[in-house]
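Subject: Structure for you to look at

Hello,

Here is the structure I promised to pass on. My notes follow below it.

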Amino acid sequence: MNRIVIAALVTALAAAPAAAQNPKANIGYIGAADFTPLFVAKDKGLFDKHGLDATLTRAQIAPNVGPAIISGDLQIGMGTGPNLLHAAEGGLPLVAIAGASRMKKENPIAGLVGRTGAPIKAATDLRGKTIASPGLNTMLTEMLEKWLYDHKVARNEYTLVEVVFPQQHDMLKSGRIDATITIEPFRTKMTSDGTGFNIANYVGEVNPDLLAVLWMSRRDWAEKNPAAVRAFRAAYAEAIEWCRSNPDEAKKIQAKYLGFASPVNPDYGVEVKLSDMEFFEKVGRELGKLRGPVDVTKLVWK
Amino acid sequence: MKRWAQPAAAALFAAALLLLWQVLAERQFISPVFFPSPSRTLAELYREVAQGQIWAPLEATAYRMFCGWALASLAGVLLGAAIGFSRAARDYLEPLLDFMRPLPASAMVPVAILFFGFSNAMTIAVIAFGAVWPVLLGSLHGFVSIEPQLADVAAVLKLPRAQAFAKIAVPNALPDVLAGARVGLAISLILAVVTEMQASQTGLGQNILLAQRSFRSPELYAGVVTLGIMGFAINHAIVLLERRLLRWRGAPA
């Protein structure tokens with residue numbers, strides 16, 4: 001009997017410092033539905049369960065996340081394929097350690113909306129038009145440029161202006177823009193009150209299964225902390241499964257972290273394939289966003 | 001001897017700072033990803049000049065800056081003269097202008113977009129709004145602070161109001177107007193860059209923003225250096241203009 005108690009005590013004492021020594025990671029995200037599994041993993045203790053001492057930090061805008069990882073404020077942070085490629089070309093030692101979400105053709109959460117009355121039926125009708133983008137050089141904008149490029153509309157034939165999602169509705173209504181790249185729930189608001197109409201699910205046409213958001217870290221951090229990377233991936237995969245089987249509760253957790261519950265959600269996925277990055281690299285070179293080829297095999301952490 | 005010694009010393013000082021920058025960058029005091037050396041920055045600038053990439057954005061920014069500044073200067077002189085010369089205009093306009101003066105011009109960008117769309121007119125309106133104040137205040141001060149003796153001369157000579165304005169008030173206000181215009185020009189350049197960043201107008205400001213977002217720091221610094229050169233050049237141009245227009249004052253004591 002005593003032996004068992006002592007054994008239990010010894011185990012507990014041995015386990016306590018081990019738990020305290022879980023590798024720490026400050027994880028940077030932005031306010032979007034794509035990160036619901038992250039909130040779930042934190043809220044449901046999945047990071048702790050898999051051995052990662054995780055802190056979540058919300059960044060205001062995506063471009064700030066990369067530099068914050070490099071400076072060491074964050075160990076893991078969100079990014080996109082083009083983001084990672086530009087970082088690599090600029091000499092930032094970042095790697096993709098996991099996927100976060102994908103945009104699938106059958107679940108188009110982003111699209112191109114035109115102003116009601118504007119004579120836009122096809123890509124070629126966008127010549128001479130002013131199109132709003134949530135951010136120049138962002139993934140969604142680069143995909144629109146690729147879509148127009150595929151339809152032989154040159155970059156100097158249309159104007160891109162930056163308008164944040166909440167302002168797009170008014171800009172469209174006032175006629176200051178002819179079309180806008182938008183996401184849910186803003187798209188439904190524009191199309192349901194007659195301000196705009198859906199032109200195309202251009203992302204799905206460019207790539208029916210696109211890696212939308214990924215997780216990145218510094219290469220040297222991933223090298224030194226393989227257990228942390230494994231723990232992050234395992235916890236994230238479990239959180240995605242949990243979201244699938246508990247959609248209502250996932251929505252509540254989402255609202256707790258974001259301040260709103262999104263009416264539609266992207267497809268979550270923890271995988272990053274080499275082909276995902278190859279696609280972005282090819283598009284980046286086609287559009288002249290990248291100055292030369294980038295070796296993507298070095299950007300995806302095994 | 002002394003005429004060239006001073007500028008030479010200033011150039012030497014600038015060269016020393018450049019050298020310090022180079023040494024700090026080479027020692028990797030700050031990550032070279034975010035802090036490129038002057039040699040990398042100048043190489044990028046050279047590439048942009050050699051490939052002709054720099055001229056279109058430079059022209060767009062300079063055009064906006066100049067139009068905004070010209071509009072601001074014109075409005076500033078007219079308003080300043082009106083307020084300085086007329087009691088009634090002062091009573092009506094001064095409180096309103098005091099209210100508007102502290103409004104940050106960049107906060108006017110969304111409003112200007114709704115009125116003018118994403119156009120040069122929008123940028124020029126924002127620049128004019130922000131750059132009008134130094135000229136306005138300068139010209140107001142210049143028109144109000146007429147030497148009492150000169151005013152007496154005008155009274156003795158029984159100069160008509162229009163002639164008193166042209167012969168006494170305008171020359172008296174000119175130094176203050178030009179000083180205001182010089183400050184206004186610097187503000188115009190800053191606002192041209194800010195509006196380009198905020199309202200996606202192609203130009204040096206947008207290039208700097210995009211370079212920053214794509215982690216291209218040599219390109220970013222090349223843009224900053226170009227702006228610096230522009231600022232240096234326009235300031236000197238206006239100093240020369242000032243000297244010419246104010247030659248009648250003689251050399252300052």
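A:Ala132 stands opposite A:Thr180 in β8(A). This is a predicted model, in which local features need pLDDT of at least 70 and side-chain atom pairs count only at pLDDT 80 or more, while totals for chains, interfaces and linings use all residues. Residues are numbered from 1 along each chain as its sequence is written, and chains are lettered from A and ligands numbered from 1 in the order in which they are written.

Strand β6 (residues 130–133) and strand β8 (residues 179–183) of chain A run parallel and are joined by 2 bridges. Helices (H or I, at least four residues) and strands (E, at least two) are DSSP runs, numbered from the N terminus; two strands pair if DSSP finds at least two bridges between them.

On chain A, helix α6 (residues 139–150) lies across β5 (110–115), β6, β7 and β8, at about 135° to β8(A). Helix α7 (residues 165–174) of chain A also packs on the sheet, where it touches β5, β6, β8 and β9, and its direction makes about 150° with that of β8(A). Axes are lines fitted to C-alpha atoms, for helices over the stretch in contact, with angles from 0 to 180 degrees between N-to-C directions. Contact between two residues means that their C-beta atoms, placed from the backbone, lie within 7 Å.

The sheet itself is open, with 5 strands in the order β7-β6-β8-β5-β9 (chain A) and mixed pairing. Its edge strands, each pairing on one side only, are β7 (159–162) and β9 (196–200) of chain A.

The contact between the chains takes 16 residues from chain A and 14 residues from chain B. On the chain B side, α5 (109–116) and α9 (204–213) are the elements that give two or more residues.

Regards
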